[in-house]
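Please look over the model below before reading on. The numbered points that follow are meant to be checked against it.

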Amino acid sequence: MKHAPISSFREKARNVLSGQWGTAALLILVSLVLMYVCVAMIYSFLFGAVYLTQLTGRTSSGLIIFLLIVYVALIIFMQILMASINFVHFNWYMTGKIPNVLDAFPFAFKHAWGIFKLGFLIGLFTALWSLLFYIPGIIKTFSYSQGFYIYFERLNNGENPKEIRAMDCITQSRKLMNGQKGRLFLLELSFIGWGLLAILTLGIGMLWLLPYILMAQVAFYVGLKGSPENKTEPLMDNLNGNGATKSGNPIPEDSKNLVGEPIKAYPSVENSLYEEVMGTNNQSPRPHVNWVIWVVGGVVTILVVIALGYVISQVTHSARQIANNRSEQSSKKVTNASSSQKRADEAQPHNGITPVKEFTDGYKNSDPAQRSVTFDPASNKVELGYESNASILDSKEIKINWQNDQWLDSKVAIDKAYIVKIPVKKLDVGSGKERAGGLVVFDVTVKTGKYDNDYYPAQTKLLTNLGTAYDPHYISGAFDGGVPYNSSRGENVFVFLPTLTTVDSIKSMTVSFDANAADVKTQAGDNSNYNYGFSLNHISGTKGKVKDNSREN
C-alpha cells in the first residue's frame, strides 16, 4: 500500500490554517497563559512552604497535604486543558469551521472525567514501559498517540461518553499505529527546523508553530484511517440520538470506518493488565466498573501523594538544616570551650604564685579546629572559618619586628604580618553578617615567666588608613585566655577588612589587644591589666616605622 508523503500532512495543515493564523496563535496564547499560571502557582506554593519552614523552623503536615492537593489538581487541570486544545484543532480540521478561542473550555468541563481516564492510562502504560530502559516507553508514546483523536471522533459520531472505554481508544490507537510509528516520528522530526527558528524569536514563534504541528498531527490521523477530511456538521453538539445531525444531514458511512466498528482487543500487555485490574474481559458482558476505576485511581493518587509528600518533606528538612546550620556553627565554639573548661584541672600554686580559681590553659581548652587555622602565604586559598575559605587574589608580607617585655616578666612579639586580598564575601565576623574584601594576618607569639596571665590577641583591634577592621574572634583564638607560667604560645590572628583595593592600599596601621593577670596577688594590684599595642606608619614595600604604644590599663 502506497502511503502519502510526509510533506502532504504539513501541506494539508497549512491549507486549513490559511488566512487564520492569527486565530490559531491566539488560541495557543490563551492556553499557554493558563498553563503558565498553573506552573507559577505550583512553584509559588512550593517556595512559600520552604520559606515558611525556614521562618518557623518546623514542617506543617497540614501545609504539605494542602500543597499536594493543589499540585495534583493543577496537573490534572493542565492535562485536561491540553487535550481540549487538541480537540478544538481536531474539529477545526474535520469541519473547516473556524473555532472560537474559548471553545476548549465547555468541552473540558463536559468531558473532564473521560479525558482524565484516557490520559491517566496512557501515562501509566507509558511510564511502565519506560521502566525497561526508556526506549520501549518512547515507542509506546507513538503507539498511544492516536488515542485522543479516536476519543474525539467517537464523541463527534454521537456515542455516549460513558460508553467510550479508554482502553478501547488505546487499543485502536495501537492498531492504527502498527507499522506507522516511524512515519509519525519523521513527521515530528520535520518540524525541527521551525522549532529552532521559533527559539530564535525568544519563543514567540511557538504561537504559530504549535497549531501548525497540531493540525499536521490531525492530518496524519485522518490519513491513517482514510476518513473524509470534511464531514457534514459532525460536531458533538450538533448530533441527535439517531446518528444524524440536528439539521437532518446523515453522517457519511465511511466516517465511521474504523472508530465506529466494534473493537476486539487482541492479546497485549496493556489489555491483560487492564482486564486483570478491572476483573472483566472483552469476550463477555462488562459490568459497570466506574466504582472500580475510582478505587484504582484513588489508590494510585494516594501513592503519588505519599511519594510527593516524602519529597517535599525532604526539601523542607534540608531548608531547615540550612537555616540552623550557621547557628550550630556559632555555638560549636562556645560548647567545646565550656565542656573543656569543665574537664580541666584547676591550676596549682607554684613559686609563691597562686593562680585564681578560674584560671585555665586557653590552648588546651580551645577548639582543635581553631588551633589548626594558620595562614600559608604559598597557598592559593585562606581558611576563614569552620567551613569557609576564600581564594587569595594577592598577598604581601610586612616585616614588623615588634616586641614588648615590660609587663610581669612576659614577652609578646609580632614579627610579621600579611596583607591579603580576597573576593568580597559575607562572613560571620564583628557584629554579625559583614562584608569582607581582605584581611591582615598577624603572627603573634607570647612567652610567660613566673606568672599565669590571660591574653586576648583574638580580640585584636586594628585601625588602618582605610578605616576600622572587624573583630577577628570568629576564627582566631588558639590560646585566647590563659597562658600558664613558663609557657610559650603562638598563633595567626585574622583581622578582616571591609574593603581592600590592593595590598599596597594600607599605608599605616594601629594594633592593640589586652592582657590580664591571673594570679591572686597581682590581680588585686595596680598592674593587673595591660594593653599591648603598636603603630606601624609609612608602610612602603615590606617595611614601615614601628612605635610601641603598650600601657597599663
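Predicted model: local features only at pLDDT ≥ 70, side-chain atom pairs only at ≥ 80, totals over all residues.

1. Gly352 lies in the loop between α13 and α14, where helices (H or I, at least four residues) and strands (E, at least two) are DSSP runs numbered from the N terminus. At 78% relative accessibility, Gly352 counts as exposed, the scale being buried under 20% relative accessible area, exposed over 50% and partly exposed in between, with a 1.4 Å probe and protein chains only.

2. Residues are numbered from 1 along each chain as its sequence is written, and side-chain values use heavy atoms, with hydrogens and water left out.

3. Asp361 is placed in the loop between α13 (290-343) and α14 (368-371), and it counts as buried because its relative accessibility is 11%. Its side chain makes a polar contact with the side chain of Arg489 at 2.7 Å (a pair of N or O atoms within 3.5 Å; within protein, one must be able to donate a hydrogen and the other to accept it, and residues adjacent in sequence count only if both atoms are side-chain atoms). Leaving aside neighbours within four places in sequence, Asp361 is in contact with Gly482, Pro484 and Arg489, contact meaning heavy atoms within 4.5 Å.

4. How do helix α5 and helix α7 cross? The axes of α5 (residues 112-130) and α7 (residues 147-156) come within 11 Å and cross at roughly 155 degrees (lines fitted to C-alpha atoms, for helices over the stretch in contact, with angles from 0 to 180 degrees between N-to-C directions). That angle makes α5 roughly antiparallel to α7, since angles under 35 degrees count as roughly parallel, over 145 as roughly antiparallel, 65 to 115 as roughly perpendicular and the rest as oblique. On the α5 side Gly114, Ile115, Leu118, Gly119 and Ile122 take part, and they meet Gly147, Phe148 and Tyr151 in α7.

5. Leu202, in the loop between α10 (192-200) and α11 (206-225), has a positive phi of about 60 degrees and counts as exposed at 80% relative accessibility. Asn401, found in strand β3 (residues 394-407), has a positive phi near 55 degrees and counts as exposed at 59% relative accessibility.
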